[in-house]
Amino acid sequence: MMILRRTAMLGLMWMAALFASAAAAKTQVVVTDAYMYAPLPGRDVAVVYWQLNNGGGEEVTLVDIRIPAQPGWARKAEIHQHLHRDGMMSMQRVESLTMAAKSQTLFESGGYHVMVFGVKNVQVGSQVPVVLLWQDGSQQEVLLDVRRR
Ligand SMILES: [Cu+2]
């Protein structure tokens with residue numbers, strides 16, 4: 001009886017240790033105010049804005065944005081940045097985005113944004129999921145509020 005109880009206790013402690021190490025390895029970024037403007041009529045491209053808050057003491061790098069297979073509501077997503085070149089405004093895909101420790105990055109019109117391609121069956125007022133992939137291997141699902149532009 002005594003031995004059984006101790007085994008159960010050890011099991012619990014072991015699980016707690018597992019959780020603690022998983023949390024420590026995880027990128028500590030909080031995503032706030034995440035939304036997507038639904039595609040214009042006849043189009044299938046949408047833009048996403050949000051604020052990323054790296055509250056951790058280490059720099060972190062965002063390496064990809066994925067559309068979950070279920071529900072497969074779009075074909076792909078890319079991180080973009082607007083550039084001013086020779087008085088012209090253009091946008092360009094960026095491979096990754098590094099954030100310093102204790103920093104914030106605002107995705108906004110004229111700056112960083114996420115472009116989503118092949119959007120289908122998205123209702124204004126609903127939410128759709130994307131997954132942020134960080135360089136340390138951690139993944140983070142974020143729900144986007146779908147708004148009308
Ligand atoms: Cu873009």
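Two strands pair if DSSP finds at least two bridges between them. Strands here are DSSP runs of E, at least two residues long, and helices are runs of H or I, at least four residues long, both numbered from the N terminus. By that rule, β1 and β10 pair in the parallel sense, over three bridges.

Some housekeeping. Residues are numbered from 1 along each chain as its sequence is written. This is a predicted model, in which local features need pLDDT of at least 70, side-chain atom pairs count only at pLDDT 80 or more, and totals for chains, interfaces and linings use all residues.

pLDDT is the predictor's confidence in each residue, from 0 to 100. The protein averages 87, and 82% of the residues score at least 70. Over residues 20-24 pLDDT stays under 50, and there the model has zero contacts beyond four places in sequence. A contact means that the C-beta atoms of two residues, placed from the backbone, lie within 7 Å.

Now the overall layout. Taking contacts between residues at least 6 apart in sequence, 64% join residues at least 24 apart.

Back to β10. Its other partner to mention is β9, which runs antiparallel to β10 and is joined to it by seven bridges. P129, for instance, has L143 in β10 as its bridge partner. The two strands form a hairpin with four residues between them, and G137 in the turn has a positive phi of about 95°.

Next, the core. A residue is buried if 20 or more other C-beta atoms lie within 10 Å of its own, exposed if 12 or fewer, and partly exposed in between, with C-beta atoms placed from the backbone. Of the 149 residues, 17% count as buried. A nonpolar core is a set of buried Ala, Val, Leu, Ile, Met, Phe, Trp, Tyr and Cys residues joined through C-beta atoms within 7 Å. The largest one has 22 residues, and M36, V48, V114, V116 and L144 touch the most other members. Elements giving two or more residues to this core include β1, β8 and β10. The largest share, four residues, comes from β2. Which residues does V116 touch, not counting those up to four places away in sequence? They are M36, V45, A46, V48, A74 and A77.

Now the backbone geometry. Most residues other than glycine have a negative phi, and most peptide bonds are trans. D33, in strand β1, has a positive phi of about 50° although it is not a glycine. D33 is exposed, because 10 other C-beta atoms lie within 10 Å. D86 also has a positive phi of about 50° without being a glycine; D86 sits in the loop between β4 and β5. Why does D86 count as exposed? Because it has 5 other C-beta atoms within 10 Å.

The peptide bond from Q70 to P71 is cis, with omega near -5°, and P71 is in the loop between β3 and β4. G72 is in the loop between β3 and β4 too. G72 and V119 are 47 residues apart in sequence and 9.1 Å apart in space, C-alpha to C-alpha.

Last, Q92, in strand β5. Q92 has 11 C-beta neighbours inside 10 Å, so it counts as exposed. Beyond four places in sequence, Q92 is in contact with H80, Q81 and L83.
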